[in-house]
Amino acid sequence: MKKILGISSLLVAVVVLTSLHSPSFLSAYNIQNTARWTSLFGMISIGAAFVIITGGIDLSIGSVVGLVGCLLPWLLEKSWSVPAALGAVIAISALIGLSHGMLITKMKLQPFVVTLCGMLIYRGFARWITNDETQGFAGHFPTLQQLAKGNMPVPGLGSGVPTPFVIMCGLAVIASIFLNNTVYGRYLLALGRNEEAARYSGINTDRMTILAYVICAVMSGIGGIFFALYLDSIQPSAHGNFYEVYAIAAAVLGGCSLRGGEGSIAGVVIGAALMRVLYNAINVVGIPTQLEFAIIGVVILGGVISDELIRRMAARRKTEKKISEPAVLQAARPMEAASSEKHLV
Amino acid sequence: MASKPVLLEVRNVSKRFPGVKALSRVSLSLYPGEVLAVMGENGAGKSTLMKILAGVQQPDEGEILLDGKPVELASCRAATELGVVLIHQELNLADNLDVGANIFLGREPRTFGFIDKAKIRAESSELLKRVELDVPPQTIVNTLAIGHQQMVEIAKALSVNARVLIMDEPTSSLSAHETEALFRVVKDLRAKGVSIVYISHRLGEVKELADRVVVLRDGQNAGELQREQIDHDTMVRMMVGRDLSQLVTRSSHPLGDVVLEARKLVTPTWPQYALNFSLRAGEIVGMAGLVGAGRTELLRVLFGVERPRSGGIFIGGKSCEMSNPLDAIHAGIALVPEDRKQQGLILEMAVRENLGLASLWKNRIASMFLNKAVEKKDALNAIDKLRVKTPTAEQAVQFLSGGNQQKVVLGKWLALNPKVLLLDEPTRGVDVGAKQEIYQLMEQLAADGMAILFVSSDMEEVLRMSDRALVMHEGFISGELKRNELNEEAVMKLATGAA
């Protein structure tokens, strides 16, 4: 809870500062646009959080987004039906997660290595099947694209809330309930802290780890569908590049520890929002966009440092409060000292 | 003794930690060439005092004098330079490097900036001879047995001309043979004028080694004993602060049917032996043997952590295939593992979460949701019943003392009401008071019909708690002793393979 407070105030601070500088930042259009991008990145960040909670990492998120982004229009062009194409890309994502999980648990390979190879393989595969040609929906699927591009009318909110934002919130609620209110969520948190103790407590740690990688890959796949529908013009060699970095950064900003065992879904979503707001602020305020990565890097570093400092300060205050308590006991001490000195003589 | 000048003196040292006063005006003096045993229950302040002497921590009040002059031990390095060296309970060796490199780590002799390996080799060989360790200095540390690694630590301390050697429970993971070797080295060092502060829970060792005993209790001096005054009961009384007259007595109760049976069970560690034994309801069976006799490995197989090479495990007459701990738990087996912190607990998680970890699935709602109300209620019940000392159920387990942590591990399994309870060194690193409570609990569980198999390297524990003892020696069960045949000599004979 405290962790969310920290990052939320950072988000509010950036929003306030930017809007003071340029009021257009708070225009309905801009808010809607930022919310839309937040929801797309939020989806893949939630997936990343699950893997990070187990103490692992998934570097293939961006490539899965790229692969799904290429496959979906490509399959539709091959006259697959919409449900079949969507089902196929989700199934492929799940299969990718399953193979990551199997390699990591059964073959005992390192998550970094497995998913790094995955990153290269899926990118290459996406470029090969599309022959590196830009993919798109060519205006044939307007209804489907509304999923990502459309808005849901909300009374009192002008042009409404972006549809993907509503969907992302739904996914976040499900993920949050899964993590905090189910046996499996508790198992994930436990094995992230101490896998051996979790196994000795009767938790099927392999199966839970595999599950985390499947969740991550499927969330990347779902995110990939929305990115594709929204962008419409997909370059196989570049679509989704670096997205895993955004996802991991949002998860870490949102309170996930890379050591595992810690994390909150709400924090991760706010982390994703912070990244998008920053990106947007850079544009609105007129900072050269070349500095984008540098600024995001500095802010993440600053956030993590201040988080650590606040935690230390809180710990110190706790210590001081408790030390003042035993002062009463001090009066009794000289006597005890005298008796112990007797022993020493 | 008092005529000799004091080498090291601690005067009225106090140290506070968040919420605890770890040391309160503790004093002690150490003379040249003596072995001073510092005893006390867990949490009595022994470790804190030793850390202060070694410069790891600084006292809030009081002073430390070396050769009568006040010294400031601001860091480990400062203490080392003054000749005060601490050998940690968990050894601090870079086990990927060789013995010589470890002895001279951070102080490598150099010629033209390059490490002078010849010199390291020559000097290490000398030092290794002094600690009776017959290995070449080029041996990689992780290929050595724990006892030998400890000797490397001692050699390292000697290499800086340590005058005061502080040993924190040095025998806790040594076999009987290694312990003997350690004692010889300690006695030899004493004869050469090195002073040794020796921390141990094991009363027998203290009796054999110590010239003097200082007892701490609740962070204060509780008393001191000279060589001729050292005896078992006095030490226990000083440590606990009361007589242990209400020791747990084993009452005999009728035994039930055979609950667990191992038939021709072959473990992966000792594939040449097949093990046969059985366990009846209401029975407490002790498993004695030297460290490395294969007892822990056997428990791991029974609990499904490792698969047996062949043979069968029968629960209530039915053959059970255990391919992971979950299968064992379903069959009604629970294991309190040897390494509490690594295998028994999730240290950063709350007491409540640890207590519930094994039984969560049993109380789940709609096949997957946590029943948080039941979890909380069960946790509070367990804390109350097992008398776990914790401020709240939400306290992270890592802040509990060893005894209370062990109670949490036990509580985790009792929530499932298992038929067979396997305990691996149930009272290691547990203080005297909590030990009694654990014994009491074992007695009560057995009386209620649970079958208990416990592995212990503590002879007293085996003699006191077992209805029957199995003794293992180098991978096979070398003998079985009924309660009326149980005595120290009989167990040792079987454990060492002399029978």
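Guide: When the angle between two axes falls from 65 to 115 degrees, the pair counts as roughly perpendicular. The model in view is a predicted one. In chain A, the axes of helix H6 (residues 142-149) and helix H10 (residues 205-231) cross at roughly 110° and come within 8 Å. H6(A) and H10(A) are therefore roughly perpendicular to each other. On the H6(A) side, the contact consists of A:Leu144, A:Gln145, A:Leu147, A:Ala148 and A:Lys149, which meet A:Phe226, A:Leu229 and A:Tyr230 of H10(A). By type, the residues of this contact are six nonpolar, one polar and one charged.

Another helix pair in chain A can be read in the same way. Helix H7 (residues 163-181) packs against helix H12 (residues 265-285) at an angle of about 145°, and their axes are 9 Å apart. H7(A) brings A:Ala172, A:Ala175, A:Ser176 and A:Leu179 to the contact, while H12(A) brings A:Ile265, A:Ala266 and A:Val269. Six of these residues are nonpolar, one is polar and none is charged.

The largest nonpolar core has 170 residues, and B:Leu422 and B:Ile452 have the most contacts inside it. H10(A) contributes the most to this core, giving 16 residues. In soluble globular proteins, nonpolar side chains tend to be buried together. As for B:Leu422, its contacts beyond four places in sequence are B:Leu299, B:Leu302, B:Phe303, B:Ile333, B:Ala334, B:Leu335 and B:Leu453.

Back in chain A, one buried residue can be followed in detail. A:Ala251 belongs to helix H11 (residues 243-253) of chain A. A:Ala251 counts as buried because 30 C-beta neighbours lie inside 10 Å. Apart from residues up to four places away in sequence, A:Ala251 touches A:Ser45, A:Ala48, A:Ala49, A:Ile52, A:Cys256, A:Gly263, A:Val268 and A:Gly271. A:Met275 is 24 residues from A:Ala251 along the chain, and their C-alpha atoms are separated by 11 Å.

Chain A as a whole has 14 helices and two strands. Its C-alpha atoms fill a box of roughly 95 × 55 × 40 Å along the principal axes. Of the 345 residues in chain A, 44% are buried. When contacts between residues at least 6 apart in sequence are considered, 76% of those in chain A join residues at least 24 apart.

For the complex, the predictor gives an ipTM of 0.85 and a pTM of 0.80.

Chain B has some details of its own. Helix H1 (residues 46-53) of chain B is largely enclosed by the rest of the structure, because eight of its eight residues are buried. Just after H1(B), B:Gly55 has a positive phi of about 80°.

Further along chain B is the loop between helix H4 (117-130) and helix H5 (146-159), where B:Val141 has its place. B:Val141 is buried because 20 other C-beta atoms lie within 10 Å. Beyond four places in sequence, its contacts include B:Leu93, B:Leu97, B:Val99 and B:Val152. B:Glu132 is found in the loop between H4 and H5 of chain B. B:Glu132 is partly exposed, since 14 other C-beta atoms lie within 10 Å. Its phi is near 60°, a positive value in a residue other than glycine. Most residues other than glycine have a negative phi. B:Glu425 also has a positive phi, near 50°, and is found in the loop between strand S19 (420-424) and helix H15 (432-447) of chain B. B:Glu425 counts as buried because 22 C-beta neighbours lie inside 10 Å.

Notes. Residues are numbered from 1 along each chain as its sequence is written. Chains are lettered from A and ligands numbered from 1 in the order in which they are written. This is a predicted model: local features need pLDDT of at least 70, side-chain atom pairs count only at pLDDT 80 or more; totals for chains, interfaces and linings use all residues. Axes are lines fitted to C-alpha atoms, for helices over the stretch in contact, and angles run from 0 to 180 degrees between N-to-C directions. Helices (H or I, at least four residues) and strands (E, at least two) are DSSP runs, numbered from the N terminus. Two residues are in contact if their C-beta atoms, placed from the backbone, lie within 7 Å. Ala, Val, Leu, Ile, Met, Phe, Trp, Tyr, Cys and Pro count as nonpolar, Asp, Glu, Lys and Arg as charged, and the others, Gly among them, as polar. A nonpolar core is a set of buried Ala, Val, Leu, Ile, Met, Phe, Trp, Tyr and Cys residues joined through C-beta atoms within 7 Å. A residue is buried if 20 or more other C-beta atoms lie within 10 Å of its own, exposed if 12 or fewer, and partly exposed in between; C-beta atoms are placed from the backbone. Angles under 35 degrees count as roughly parallel, over 145 as roughly antiparallel, 65 to 115 as roughly perpendicular and the rest as oblique.
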